[in-house]
Amino acid sequence: MKQENCSLLSHNTFGIDVKAACLLEYSSVEELRDLILQGLIVKPYLHIGGGSNLLFTKDYPGTILHSLIDGLEILDENEQEVRVRVGAGVQWDDFVAECVAKGWYGAENLSLIPGEVGASAVQNIGAYGVEVKDLITAVVTMNIEGEQRVYSVDECQYAYRNSIFKRAEMKDVFVTHVCFCLSKQEHYTLDYGTIRQELEKYPAVTLPTVRRVIIDIRKSKLPDPKVMGNAGSFFMNPIVPRKQFEALQEEYPRMPFYELADGRVKIPAGWMIDQCGWKGKALGPAAVHDKQALVLVNCGGAKGSDIIALSDAVRASVREKFGIDIHPEVNFV
């Protein structure tokens, strides 16, 4: 489906009202190949998912590509696990809900994360002690020449909120399907945040109750993009050398932290932003959310430049107070 001079308001959760010269949506690998062979994908082009990790700063002069590839196919199944292939256009939380409904373990901590399955594999989404790379076995792609390739999870080179697909030289590669492995054996990741505490409200720990708790926690902290435009966590949590962390800990003994296997330490960016006094503060039509300082919000009518101005001000404050440069998780377009 092709639309020209198309508004992208419904294609980004920040609610930035910009236009694309052309929007192309496709529902199958065959449709994508046809678009390529017919020369309809005009440079510059950008492939997006649900727009939950994008900040549009101006009208896009080229082609926006968006996958509508649907479906979940079971590739292999035994008593221990199930391997599935999921269309890139499937809503991520719909996939998680289906996993929970079928009794497949592993994805429940990633409940209510906005966006689509294809983008989850590009971004390596994560929450509450789980990253999607822990579930992915392979990523199926097509490049701008119409050639298909399957990347193994090792070839994806996953790191914190990063993958090979985020590199500039990979902009010509489009994710069509993602393959996952879910467990059929009961196991949970509960030692993060207040998950265990919230689970005490329920008579038993089950997949549905864990999903319910994750959803409740997220809703209590994060604004609904349909009500207040946002992209979830705007900044990545910085990872610092242990020596730098220990020096900061002497000055801020109550500073929360997470130790990593390589000896480095992850410090919550939201805590540092809060310590700088930004929580609930606005700069023009953009603001830091009053319940979660990691989230920047569109108070109404904000432009991409307004969000960037707030981001720059927040980063400067954190840099001045803690000597740490926090980096946006959101991609500026």
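These questions and answers go through a predicted model of one protein chain.

Residues are numbered from 1 along each chain as its sequence is written. In this predicted model local features need pLDDT of at least 70 and side-chain atom pairs count only at pLDDT 80 or more, while totals for chains, interfaces and linings use all residues, and side-chain values use heavy atoms, with hydrogens and water left out.

Visitor: How many helices and strands are in the protein chain?
Guide: Helices (H or I, at least four residues) and strands (E, at least two) are DSSP runs, numbered from the N terminus. On that basis the protein chain has eight helices and 20 strands.

Visitor: What is the radius of gyration of the protein chain?
Guide: The radius is taken over C-alpha atoms, and the globule rule is 2.2 Å times the number of residues to the power 0.38. For 333 residues a compact globule would come out near 20 Å. The protein chain agrees with this, because its radius of gyration is 20 Å.

Visitor: What percentage of the residues in the protein chain is buried?
Guide: Buried means under 20% relative accessible area, exposed over 50%, and partly exposed in between (1.4 Å probe, protein chains only). Of the 333 residues, the buried share is 49%.

Visitor: Among contacts between residues at least 6 apart in sequence, what percentage joins residues at least 24 apart?
Guide: A contact means heavy atoms within 4.5 Å. Among the contacts between residues at least 6 apart in the protein chain, the share joining residues at least 24 apart is 60%.

Visitor: How are the rings of Y128 and Y192 arranged, stacked or edge-to-face?
Guide: A search of the whole structure finds 15 aromatic pairs. Rings of Phe, Tyr and Trp (its six-membered ring) pair if their centres lie within 6.5 Å; planes under 30 degrees apart count as stacked, over 60 as edge-to-face and the rest as tilted. The rings of Y128 and Y192 have centres 5.9 Å apart and planes at 85°, so the pair is edge-to-face.

Visitor: How many residues apart in sequence are the parts that Y128 and Y192 tie together?
Guide: Y128 sits in the loop between β8 (126–127) and β9 (130–131). Y192 sits in the loop between β12 (173–183) and α4 (195–199). The pair therefore ties together parts whose separation in sequence is 64 residues.

Visitor: Which residues form one aromatic cluster with F234 and F235?
Guide: The ring centres of F234 and F235 are 5.0 Å apart and their planes are at 70°, so this pair is edge-to-face. F234 is buried at 0% relative accessibility, and F235 is buried at 1%. The cluster that holds F234 and F235 also includes F14 and F332.

Visitor: Which residues does a cis peptide bond join?
Guide: Most peptide bonds are trans. Here there is a cis bond with omega of about -10°, and P44, in the loop between α1 (29–37) and β3 (45–48), is part of it. The bond joins K43 and P44.

Visitor: What is phi of R161?
Guide: Most residues other than glycine have a negative phi. R161 lies in the loop between β11 (148–152) and β12, and R161 is buried, with a relative accessible area of 11%. Phi of R161 is positive, near 55°.
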